Amino acid sequence: MIEHGRPKRWVSTQELCAAAIELCKMMPPETKAIVGVARSGMTPAAIAAKMLHVPLLSLSQGKQEVVECGNGFRLAGGKHKDSPLDEMVVIVDDTVMTGHSMQMSIDIAEEIYPHFLTAACFVYPEAECKPDIFVQELPAPHLLEWNVFNSAFLRCMALDFDGILCENPESWQDDDGDQYKDFIRKAKPKYLPKRESIPLIVTARVEKYRHETMKWLERHGVKVDNLVMHPASSTAERELDCISSFKARNFKKWHELAGWGIMDRVFVESEPWQAKEISELSGLSVVCPASGAVFDRKFD
């Protein structure tokens, strides 16, 4: 949950995995199975099940059921083992914010397991329902790398393109010609928002590559409301402009047109130095996943 759109901490997927390993050390030795809360809770749950060498299960809140995901012994000739209904299991989620989701998981688990504990990697200090085990308190506001691009918060985000939606081109690919067109067509995806249409993309790619850029988005199932590309006729001409200023202008214009709402708008930039400059020029929040930094001149 982002309060008034002022994110102060970027939590990486790498941090989630590290926290999951720490979570394993806190689980009781009598743990016989790990039950992950689908979907985000399955990442730390899978790590825990692997580290503890116990069966992995998935809890679906929508279907209100628990299903087997395997015991991990297939390469050793082991046979499948049913979930231990009469032994200790641990219900695992990635984060606990309000506690409402955790309470829902508890209600479902109580119908299945006589003995269980709840666990999470990160917990909001003021959560109404906290797990029995957790690694770290995580005050709001914060952004979670593994789900922010497919959360409701996407509607308040403007995105850079290269380095965010796809990998950056190598220097030899950036020839403003056939090599660059080939890069655009084959660019490896990075973050792919699919839940909702991206409100705004502001990219330093020049306008003449709009067709190839839109085809890439279409191929990867990503929709965008407004794609702003640099108006220069060539990459060489674009280099005469300040790219940070170009992005800041368009980001701030979109923010002002949207008006003040529950949340401020946030720009997601791939380059740390540009992220800092865009924040300084716009006076608004800018996130840089590559460095894990959040720039906000008004509140830092």
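Is the crossing of H7 and H8 right-handed or left-handed? I opened my notebook with that one, and the crossing turns out to be right-handed. A reminder to myself before going further: this is a predicted model.

**Entry 1: H7 against H8**

I looked up the geometry of the pair next. H7 and helix H8 (residues 272–282) pack at an angle of about 50 degrees, and their axes are 8 Å apart.

Then I listed who meets whom. From H7 I noted Ile243, Ser244, Ser245, Lys247, Ala248, Phe251 and Lys252, which meet Trp273, Gln274, Glu277, Ile278, Leu281 and Ser282 of H8. Sorted by class, this contact has six nonpolar, four polar and three charged residues.

**Entry 2: Ala248, from the H7 side**

Ala248 sits in helix H7 (residues 243–258). Is Ala248 buried or exposed? Its relative accessible area is 4%, and the cut-off for buried is under 20%, so Ala248 counts as buried. Setting aside neighbours within four places in sequence, I found Ala248 in contact with Ile278, Leu281 and Ser282. I also checked Ala248 against Val202: the two are 46 residues apart in sequence, with 9.1 Å between their C-alpha atoms.

**Entry 3: Asp160 and its polar partners**

Asp160 lies in the loop between E9 and helix H4 (178–186). This aspartate has 4% relative accessibility and is therefore buried. Which side chains make a polar contact with the side chain of Asp160? One is that of Lys247, at 3.3 Å. Another is that of Ser270, at 2.8 Å. I was pleased to meet Lys247 again, having already listed it among the H7 residues that meet H8. Leaving out neighbours within four places, the contacts of Asp160 include Leu165, Ile201, Val202, Thr203, Phe267, Val268 and Glu269.

**Entry 4: Leu159**

I moved on to Leu159, which belongs to strand E9 (residues 157–159). Leu159 is buried, at a relative accessible area of 0%. Not counting residues up to four places away, Leu159 touches Phe149, Leu165, Pro193, Ile198, Leu200, Ile201, Val202, Phe267 and Val268. I also looked up Phe251, which is 92 residues from Leu159 in sequence and 9.2 Å from it in space, C-alpha to C-alpha.

**Entry 5: H4 beside H5**

Back to helix pairs. The axes of H4 and helix H5 (residues 210–219) come within 8 Å and cross at roughly 20 degrees. Angles under 35 degrees count as roughly parallel, so that is the label for H4 and H5. Their crossing is right-handed. H4 brings Lys181, Ile184, Arg185 and Lys186 to the contact, and H5 brings Glu212, Thr213, Trp216 and Arg219. By class, I noted two nonpolar, one polar and five charged residues there.

**Entry 6: H2 and its cover**

My last stop was helix H2 (residues 42–52). Which residues of H2 are buried? I wrote down Met42, Pro44, Ala45, Ile47, Ala48 and Ala49. What covers them includes helix H1 (13–26), along with strands E2 (33–37), E3 (56–60), E4 (65–70), E5 (89–96) and E6 (116–123). Following H2 is His53, which has a positive phi, near 60 degrees.

Methods. Residues are numbered from 1 along each chain as its sequence is written. This is a predicted model: local features need pLDDT of at least 70, side-chain atom pairs count only at pLDDT 80 or more; totals for chains, interfaces and linings use all residues. Side-chain values use heavy atoms; hydrogens and water are left out. Helices (H or I, at least four residues) and strands (E, at least two) are DSSP runs, numbered from the N terminus. Buried means under 20% relative accessible area, exposed over 50%, partly exposed in between (1.4 Å probe, protein chains only). Contact means heavy atoms within 4.5 Å. A polar contact is a pair of N or O atoms within 3.5 Å; within protein, one must be able to donate a hydrogen and the other to accept it, and residues adjacent in sequence count only if both atoms are side-chain atoms. Axes are lines fitted to C-alpha atoms, for helices over the stretch in contact, and angles run from 0 to 180 degrees between N-to-C directions. A crossing is left-handed if the near helix is turned anticlockwise from the far one by less than a right angle, and right-handed if clockwise. Ala, Val, Leu, Ile, Met, Phe, Trp, Tyr, Cys and Pro count as nonpolar, Asp, Glu, Lys and Arg as charged, and the others, Gly among them, as polar. Angles under 35 degrees count as roughly parallel, over 145 as roughly antiparallel, 65 to 115 as roughly perpendicular and the rest as oblique.
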